[in-house]
Amino acid sequence: PPAHGIKKMVEKLCKKSNVISYIDLHGHSRKEHAFMYGNAFDRKGKGNDYWHVRFLPKLLSKMSEMFSYQASSFTITRDKRKTARVVIGQQFSITHCFTLEASFHGALCSDKFREFQR
């Protein structure tokens, strides 16, 4: 759905229950593996958001060699300020907002290329 529709849907969900995560799914053709973009939090900031936002990507990397924690990024560059993960995270105070990127091609695992299977 368009961005406005997504925001309305999340707003409605937040009124009914405690939304703990938002994940936007994307495919890409340039990088290998699957990885995540997460929002930036100050390491010395209030609470443990700096560590919390890194937990799911780290866990996924431990569970599958097709997921790369090293390729994941936890910054908000100028060109990403209006992405769904940033807007939803800031507007609704949801720490665990991600864009999950996965290669259209597959992943390099144990020195062998693996295609994603259906």
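Cys14 is partly exposed, at a relative accessible area of 29%. In this predicted model, Cys14 takes part in no disulfide, and the nearest cysteine sulfur, that of Cys97, is 9.0 Å away. A disulfide requires two cysteine sulfur atoms within 2.5 Å. Cys97 is likewise in no disulfide, its nearest cysteine sulfur being that of Cys14. With a relative accessibility of 0%, Cys97 counts as buried. Across the whole structure, the search finds zero disulfides.

Three strands form an open sheet in the order 1-3-2, and their pairing is mixed. Strand 1 (21-28) and strand 2 (34-38) are the edge strands, each pairing on one side only. On average, neighbouring strands of the sheet are turned by 25° against each other, direction ignored.

How many bridges join strand 1 and strand 3? Strand 1 pairs with strand 3 (residues 96-103) over eight bridges, in the parallel sense. Within this pairing, Ser21 has His96 of strand 3 as its bridge partner.

Helices pack against these strands. Helix 2 (residues 49-63) lies across strand 1, strand 2 and strand 3, and runs at about 30° to strand 3. Helix 3 (residues 84-92) also packs on the sheet, where it touches strand 1, strand 2 and strand 3. The direction of helix 3 makes about 165° with that of strand 3.

Notes:
Residues are numbered from 1 along each chain as its sequence is written. This is a predicted model: local features need pLDDT of at least 70, side-chain atom pairs count only at pLDDT 80 or more; totals for chains, interfaces and linings use all residues. Side-chain values use heavy atoms; hydrogens and water are left out. Buried means under 20% relative accessible area, exposed over 50%, partly exposed in between (1.4 Å probe, protein chains only). Two strands pair if DSSP finds at least two bridges between them. Helices (H or I, at least four residues) and strands (E, at least two) are DSSP runs, numbered from the N terminus. Axes are lines fitted to C-alpha atoms, for helices over the stretch in contact, and angles run from 0 to 180 degrees between N-to-C directions. Contact means heavy atoms within 4.5 Å.
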